[in-house]
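Let's take a friendly walk through this structure, from its pockets to its rings and then to its backbone. Keep the 3D view open as you read.

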Amino acid sequence: MNQPLQDRLNQIYDKIQSEEFLQGQGLGNEIAFWIFDYHPKHELQVREHLRFLVSQLGKKNPNMKVASINLLEVMRDYLVSRNFLNKACAMQVAKGDTALLKALAGPMHMDKFAPFLMEHTQAADQDVIFLHGIGSVWPVLRAHNLLNKLHALLGHKPVVLFYPGHYNGQSLTLFNQIPSKNYYRAFTLVPRA
């Protein structure tokens, strides 16, 4: 167990229970999107804590509706709903990753995928939304595209993206190796020491 990371994970519960967090107060009318970044090698520790966190929230605050959204599962369900999953798997085997990415560009466009995610997870009816699994769906799904589209659909509803990489307050670096040139308006949920 990585103790500095565990200390940060332990701060999440109190942070998301606060009225300021739930109401998006103190953000200067910015969006209520938050990022919890962590070193990719700690993915399993973060997943385990996320399950624990959702369980604790359900026990201690049963009135709070929390959606814990695994992006890989939602992407799979979306591709199944479009009768594309088996075709995509066959295409990857036959033609490779580049051809598959090109073929998925249309179906995985955020104008199509984000509304499915909203409906499939009933995100609009939740008090807090946790997004995780972004490392599992990259490069088919990009964090900045998803966050930008969800902002238009969710407004000021608190969203936390658990991100296996680094967030410096303006840009994301997936796996601490793949920089993004896009600007993010999200806030750091629990800063690194």
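## The largest pocket

The largest pocket holds about 270 Å³ of space. Its lining has 17 residues, and those closest to the pocket centre are Met75, Gln92, Leu100, Leu104 and Val140. Please keep in mind throughout that this is a predicted model.

Which helices supply at least two residues each to the lining of the largest pocket? They are helix 4 (71-81), helix 5 (85-95), helix 6 (97-104) and helix 8 (134-137). Sorted by class, the lining of the largest pocket comprises 13 nonpolar, two polar and two charged residues.

## Aromatic rings around Phe36

The structure has eight aromatic pairs. One of them joins Phe36 and Tyr38, with 6.4 Å from centre to centre and 35° between the planes, a tilted arrangement. Is Phe36 buried or exposed? With 0% relative accessibility, Phe36 counts as buried. Tyr38 is buried as well, at 2% relative accessibility.

Phe36 also pairs with Phe162: the ring centres are 5.8 Å apart and the planes meet at 45°, so this pair is tilted. Phe36 belongs to strand 1 (residues 33-38) and Phe162 to strand 4 (residues 159-167), so their contact ties together parts that are 126 residues apart in sequence. Phe162 has a relative accessibility of 2%, under the 20% limit, and therefore counts as buried. Taken together, Phe36, Tyr38, Phe130 and Phe162 make up one aromatic cluster.

## Charges over rings

The charged end of Arg8 sits over the ring of Phe36, at 4.2 Å from the ring centre.

A second example involves a tyrosine and a lysine. Lys60 lies over the face of Tyr13, with a distance of 5.7 Å to the ring centre.

## Backbone features to check

Most residues other than glycine have a negative phi, and most peptide bonds are trans. Between Trp138 and Pro139 the peptide bond is cis, with omega near 5°.

Where does Asn83 lie? Asn83 is in the loop between helix 4 and helix 5, and although not a glycine, this residue has a positive phi of about 55°. Its relative accessible area is 58%, over the 50% limit, so Asn83 is exposed. Gln122, likewise a residue other than glycine, has a positive phi near 55°. You will find Gln122 in the loop between helix 7 (110-121) and strand 3 (128-132).

Terms used
Residues numbered from 1 in each chain as written. Predicted model: local features only at pLDDT ≥ 70, side-chain atom pairs only at ≥ 80, totals over all residues. Heavy atoms only, no water. 1 Å grid on protein atoms, 1.4 Å probe; cavity = no way out; pocket = protein on both sides within 12 Å on 5 of 7 lines; lining within 4 Å. Points joined across faces, edges and corners; volume = space filled by probe spheres on them. Helix = DSSP H or I, 4+ residues; strand = E, 2+ residues; numbered from the N terminus. Nonpolar A, V, L, I, M, F, W, Y, C, P; charged D, E, K, R; others polar. Phe/Tyr/Trp six-rings, centres within 6.5 Å; stacked < 30°, edge-to-face > 60°. Buried < 20%, exposed > 50% of the residue type's maximum accessible area, 1.4 Å probe, protein only. Lys NZ or Arg CZ within 6 Å of the ring centre and 35° of its normal.
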